[in-house]
Amino acid sequence: MTNLHHISRGNSKTECFSFDLPARDTCPGMTKECGPKCYAATLMRIYPAVATKYARNLKLANSPEFVEYMIANIPADCQFRIHVSGDFKDADYVHKWIQICRYRPDVTFYAYTRSWQLPEIWKAIRALHSFSNVNVNLSVDDETGKPRVYNAKAYRWCYLTHNDSAPDWMRADDIIFRSNYSGHKRRRKNAEKKQLDPDTVAPLIHKLVGVVCPLERGRDIPNFSCAKCRLCVDKPKVLQHV
Ligand code: SF4
């Protein structure tokens, strides 16, 4: 039985487990593009129990027990997202994850991070990503620009768009996330109610230089999840198109 005191079970969208920290406070690479629209920060504000859990997790992450606790409690053979909320807050913390991932080769770990912008943390992230069971995705936006750090081209870049445009420095196999996808989906549903063609009112968006996350193209996909998609989960060499 999984101990969910510190670890979180994903929803039907992700179907993975995660370890989460307080949003924004643990995000040294936060930008004006992601900070104000942070979904995790909104959840913390609406649900005090969520904020309490993430604060409790931060205490654990800063304690000497953290590595041992995670090695013992991450469920076997699962997909594990390092942070649905929060980010790699400092290099020491990344080194703790290096130890955890080394001792749990049965688990597939993945993460998104804007902390690549900080040189000390980036050095540690590169060591973490070098494990065959770990994939780190570089989160980018108009403020970070194209990642110009050592070996960034070997990583998948995940661009956050607010207006369904994407810069030409994104590559075909990178991923686009849309902060405006809920409104787009609503426009499609309203069109259907009025018996209009949703593809004319708000066409599905599959590609904007990079691949648009299938969950954010504008239509629900039954029984679909990150665990099935794996675009973000696996290292870029096994990138699939869906
Ligand atoms: S691209 Fe695939 S793996 Fe990544 S968030 Fe979207 S559904 Fe999940």
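Visitor: Leaving aside its neighbours within four places in sequence, which residues is V94 in contact with?
Guide: V94 is in contact with F88, I121, A124, I125 and L128. Contact here takes C-beta atoms, placed from the backbone, within 7 Å of each other. One caution: this is a predicted model, where local features need pLDDT of at least 70 and side-chain atom pairs count only at pLDDT 80 or more, while totals for chains, interfaces and linings use all residues. Residues are numbered from 1 along each chain as its sequence is written.

Visitor: Which residues of helix α5 are buried?
Guide: In α5, residues 119-129, the buried ones are I121, W122, A124, I125, L128 and H129. They sit on the same side of α5, because they cover an arc of only 165° around the axis. That arc is taken over the directions from the helix axis to the C-beta atoms. Buried requires 20 or more other C-beta atoms within 10 Å of a residue's own, exposed 12 or fewer, and partly exposed lies in between; these C-beta atoms too are placed from the backbone.

Visitor: And what do those buried residues pack against?
Guide: They pack against α4 (91-103), β4 (108-113) and β5 (134-140). Helices (H or I, at least four residues) and strands (E, at least two) are DSSP runs, numbered from the N terminus.

Visitor: Switching topic: which residues are around the ligand?
Guide: I175, C213, P214, L215, C226, C229, R230, L231, C232 and V233.

Visitor: Now backbone angles. What is the phi of Q195?
Guide: About 55°, a positive phi although Q195 is not a glycine. Most residues other than glycine have a negative phi. Q195 is in the loop between α6 (181-193) and α7 (198-201).

Visitor: Is Q195 buried or exposed?
Guide: Q195 counts as exposed, because it has 6 C-beta neighbours inside 10 Å.

Visitor: What about V209: where is it, and what is its phi?
Guide: V209 is in the loop between β8 (207-208) and β9 (210-212), and its phi is near 65°. With 17 C-beta neighbours inside 10 Å, V209 counts as partly exposed.

Note on methods
Contact = placed C-beta atoms within 7 Å. Near = placed C-beta within 6 Å.
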